[in-house]
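Here are my notes on the model you sent over. I've kept them to the sheet, a few helix pairs and the aromatic rings.

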Amino acid sequence: MTALLRGYGRGLVALFVAAILGWVLVLIVLPQLTMLERAVTSPKRQLDSSIAGALGRDARTCISVLETYEADAAAVAAAGGGLAIPSASGMSVPSAGGMAVPSAGGAAGGATRPYILQCDRATTHTSMVRGAGARVYLDALYALPLLSVDDSLPLREQMAAARQIADLADALYKRLLEEEARSSNLTLSNFEALAGATLIPLSPAQREIEARQLSNRLFTLLGLRFERGGEVYKRLGLITLTRTLSFAIMATALALVMCYPMAFKVALATPPERATWLFLGLVIPYAIVELMRIYAWTAIIDNQGLLNAFFDVIGVIDMQAGEAIQFKRMPGTIFVVIVYTYVLFMVFPIYNVMSTLDRNQIEAAKDLGARPWRVHWRVIIPHSKPGIAVGCISTFMLAAGAFSVPRIISRGLQAEWFSQTIYNKFFESENSNVGAAYSFAYTLVCFGLVGLFMWAMRTRLKDFARVQ
């Protein structure tokens with residue numbers, strides 16, 4: 001800091017520090033705090049007030065549909081046609097609050113009306129959202145009378161029951177809104193959903209087959225899969241998290257194995273004038289937009305793609321007979337594409353640090369009788385350690401957060417990555433609170449792994465200053 005003050009003056013240094021603090025605040029701290037706040041907030045649709053409000057809306061929709069049905073039936077009866085029964089393609093007129101779903105065959109048994117979904121849901125014996133295994137109902141929790149809309153009663157009595165339910169639900173909804181406004185709705189249940197166990201329906205024969213699989217044995221050993229009462233349960237969230245982190249670590253290791261020789265060749269084993277051409281050959285393909293490069297791989301691994309065409313030419317498969325290697329079902333394909341997509345984030349840091357090594361040290365080691373592998377182990381790798389650390393961290397974080405590569409390459413034919421799970425929670429299931437908890441927990445886990453890796457590499461933050 002003293003050197004900065006002497007070189008640039010207090011004004012420029014203050015401006016520089018303010019810019020850094022603003023960048024950290026706007027792009028790192030505030031987004032993570034927002035994500036954390038959403039992660040510890042109960043989803044509105046799980047609040048008791050939301051359930052009471054939904055009950056009131058169902059009851060009012062039921063009344064609206066029953067009134068329409070009664071009017072239609074009265075009009076038909078006045079015309080001498082008897083009771084109207086809707087056809088298979090007909091539908092009772094819904095109200096603005098929902099849609100009634102009549103049965104295809106009209107009234108069933110002794111019912112005086114067809115089946116209406118909202119009337120069936122209009123009951124005070126409504127299940128509440130509570131912890132796993134807890135069964136709590138609205139009527140018992142808030143001392144409400146047990147009411148429902150019985151389709152065997154006359155329409156007038158059904159409408160009266162629905163109206164009574166609507167009045168009770170509306171009153172309870174207003175009261176619960178006031179209580180929830182005065183109380184905290186913070187919860188850790190969104191994080192608990194990550195470790196929640198899901199029942200997996202399996203036949204006895206299928207259960208035995210899955211129990212013999214190596215992956216399921218590992219999941220059982222880790223507590224991610226277990227049996228209770230003859231049923232199989234899996235912690236799907238943690239399984240997806242574990243699988244994604246394992247894949248990201250393996251992809252990072254593969255990238256390191258491929259990129260270290262490249263960086264060494266360009267930095268230390270090639271004259272400077274030829275190194276420029278080698279680097280251009282490495283960089284030029286990455287002038288194409290990343291998404292286009294990923295889609296290009298689909299033409300290579302497709303059933304009618306270049307790889308299958310090559311294997312067909314050499315006689316490994318017969319494409320005319322419908323044979324094709326299903327590359328898009330192989331996890332290894334995703335590893336290869338991820339390494340290809342993020343290879344520069346591994347090779348550049350290693351090259352930048354490796355190029356600062358004095359080649360005389362290598363010559364001295366060789367003169368002292370060191371073999372090539374020992375030169376790398378004792379001279380080159382220790383010097384390049386900061387670049388290796390930065391490259392591994394960058395590649396791992398990009399691979400762990402990869403969304404487009406597994407989504408496009410597998411096309412839903414492989415187990416989803418954790419980034420896809422988070423996306424589905426936010427945009428497919430409209431469960432953004434759980435998605436935020438997954439995202440925040442994933443960030444902490446990744447940071448923990450990065451910290452563990454830096455400790456294992458004996459790398460400190462100030463060592464990264466050597467990586468230009």
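1. Start with Glu227, which stands opposite Val232 in β3. Phe226 is placed opposite Tyr233 of that strand. In total, 4 bridges tie β2 to β3, and the two strands run antiparallel. Strands here are DSSP runs of E with at least two residues, helices are runs of H or I with at least four residues, and both are numbered from the N terminus. Two strands count as paired if DSSP finds at least two bridges between them.

2. Before going further, a word on the source: this is a predicted model, where local features need pLDDT of at least 70, side-chain atom pairs count only at pLDDT 80 or more, and totals for chains, interfaces and linings use all residues. Residues are numbered from 1 along each chain as its sequence is written, and side-chain values use heavy atoms, with hydrogens and water left out.

3. How many residues lie between β2 and β3 in their hairpin? There are 2, and Gly229 in that turn has a positive phi of about 60°.

4. On to β1. It is joined to β3 (residues 231-234) by 3 bridges, and this pair is antiparallel. Thr198 has Lys234 as its bridge partner in β3, while Leu199 has Tyr233.

5. Now the helix pairs. The axes of α11 (residues 290-301) and α12 (residues 306-313) come within 4 Å and cross at roughly 25°. That makes α11 roughly parallel to α12; the cut-offs are under 35 degrees for roughly parallel, over 145 for roughly antiparallel, 65 to 115 for roughly perpendicular, and oblique for the rest. Ala299, Ile300 and Ile301 of α11 meet Leu306, Leu307 and Asn308 of α12, where contact means heavy atoms within 4.5 Å. The contact residues split into 5 nonpolar, 1 polar and no charged. Nonpolar covers Ala, Val, Leu, Ile, Met, Phe, Trp, Tyr, Cys and Pro, charged covers Asp, Glu, Lys and Arg, and the others, Gly among them, are polar.

6. Helices α10 (residues 272-283) and α13 (residues 331-354) pack at about 155°, with axes 12 Å apart. They are therefore roughly antiparallel to each other. From α10, Phe279, Leu282 and Val283 meet Leu344, Val347, Phe348 and Tyr351 of α13. That contact has 7 nonpolar residues, no polar and no charged.

7. What is the rough crossing angle of α17 and α18 (residues 432-456)? It is 155°, and their axes come within 7 Å. This pair is therefore roughly antiparallel too. On the α17 side the contact includes Phe418, Ile422 and Lys425, and on the α18 side Val434, Tyr438 and Tyr442 are among the residues.

8. Last, the rings: the structure holds 12 aromatic pairs. One of them, Phe403 with Tyr423, is tilted, at 5.0 Å centre to centre and 40° between the planes. Rings of Phe, Tyr and Trp (its six-membered ring) pair if their centres lie within 6.5 Å, with planes under 30 degrees apart called stacked, over 60 edge-to-face and the rest tilted. Phe403 sits in the loop between α15 (372-400) and α16 (404-410), and Tyr423 in α17 (residues 418-428), 20 residues apart.

Definitions and conventions
Axes fitted to C-alpha atoms, helices over the stretch in contact; angles between N-to-C directions.
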